[in-house]
Amino acid sequence: MDQQQHSIVSDEVSVNGFKTSLTLTTDGILRWSDRGPHLRQLSVEKEVVGFSTSGRLMTVRALVGQRSLVRKRFVFEPVSDDSLRNLCDKIQGYIHSLGRPKKLFIFVNPFGGKKSASKLFTNEVKPILEDANIEFTVQETKYQLHAKEVARSLDLTKYDGIICVSGDGILVEVVNGLLEREDWAAALKTPLGVIPAGTGNGMIKSLLDSAGEPCTPAHAVLAAIRGHKRSLDVATIWQGETVFFSVLMLAWGLVSDIDIESEKYRWMGSARIEFYALKRILQLRKYNGSIRFVPAPGFENVGEEIGSCVDSMEPLKPRPHGYQGPKVDFKSFNWRQLNGPFVSVWLHNVPWGAEHTMAAPDAKFEDGYLDLIVMRKCPKLALISLMSKLNNGGHVKSPYVVYIKVKAVILEPGLRVGKSTKGGIIDSDGEVLARGKGTYKSNLKSLMVYDKLQVVVDQGLATLFTPPV
């Protein structure tokens, strides 16, 4: 043993009838021999999820593997009751020192994605939580915004975190619900986790990919069980008195049209996105409009300088309770502007928009900026090539793409070029914020109207369970 790896506890045990020493070192490694000279070991922090006792037997439960995690049980029989107590006390003490959650509130969205969240929870998530001795309360969502309503009134003192077994939609609802609470500041310290069970899964893909881990339910559960946390920027989008809080993205133009209008081809399954993307590229639309923005340091030369924009930035109206929006002195900003026509405008808070779409490879969870990806002119063949690079973020290197970081944005969407009676669709985090005239399902009521809206990001507002990076 390395001299720096001192023993916390070491005692004789029997493993399948073979006597050996079970040792827990100060760096959190459980070591023992198993019928031969080969040394076995488990990292308590990375692999051990929990343990239990039955009579003289102690069972350590773990998730082992790299790309594919497998549930394993390791059974040890200490030589005496005192030895059993000593080992259990020391191992449990080390687990407690890691700050892991003990009680979780879990949303399960039975309607999202392939409608498999309930089965996934029962077969893959629940057994791991039980292995970790975590108590949990399950709430199946029954209708849109149900999770938002529950999060708004949930007694958070009973739980160490909230887990969403769904796509990104339930997470967005929970964040919006927490921000409407009177105790929003304390509520946002409650760590949130996502188990991929939806169509997009952009947030958990971003979290796991940042640690070099695959986007699987087991890796996502393990990230929550281990209890590591990180902050997450939250963007406030407002128009008049209407407010929406975004944690993922906002899209207008090509990406939004593909995302929303492809719903009519849901019978095609996941192929609907690729099919409709090709259709939209071949029949490419462009939209008039403008984007005013406050650039992050290093991007001050992008676009046209317009100086102060404070007169056209409408202040967020006071709300009766909850988060009042970012405290920003707009007078101190130097604004810049990009004018249309636009093929696509994308604002991103995290790198991945979906499991196979790395929209903003330089996006950070808590840098206080949004990544703005703009395309104005692009030949159709080049655009097809660009869309094929979305799975690795290579599209942002194209000369047809403007890719910068911004603090605030004023989006003024216009009508479709050549179709003066038709507008576009603006969506954020899977929610249609606004539909212009003549768009898909334009008869439906949207949260906002197809007109100027404002976006400002607040740094590190929410809290996420995350794998260590």
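These legends accompany close-up views of a predicted model.

**View 1. Confidence along the protein chain.** The mean pLDDT (the predictor's confidence in each residue, from 0 to 100) of the protein chain is 92, with 97% of its residues at 70 or more. Confidence is lowest in strand β16 (residues 304-307), where the mean is 83, and highest in strand β21 (residues 370-375), at 98; helices (H or I, at least four residues) and strands (E, at least two) are DSSP runs, numbered from the N terminus. Residues are numbered from 1 along each chain as its sequence is written. Local features need pLDDT of at least 70 and side-chain atom pairs count only at pLDDT 80 or more, whereas totals for chains, interfaces and linings use all residues, and side-chain values use heavy atoms, with hydrogens and water left out.

**View 2. The enclosed helix α6.** Seven of the nine residues of helix α6 (residues 202-210) are buried, so the helix is largely enclosed by the rest of the structure; buried means under 20% relative accessible area, exposed over 50%, and partly exposed in between (1.4 Å probe, protein chains only). The buried residues are G202, M203, I204, K205, S206, L207 and L208, and their cover includes α4 (168-179), β11 (192-196) and α7 (217-226), where contact means heavy atoms within 4.5 Å. Just after α6, G212 takes a positive phi of about 75°.

**View 3. Surroundings of V165.** Not counting residues up to four places away in sequence, V165 touches I106, F107, V108, N109, A117, L120, F121, I195 and A197.

**View 4. I384 in helix α10.** Residue I384 is found in helix α10 and is partly exposed, with a relative accessible area of 32%.
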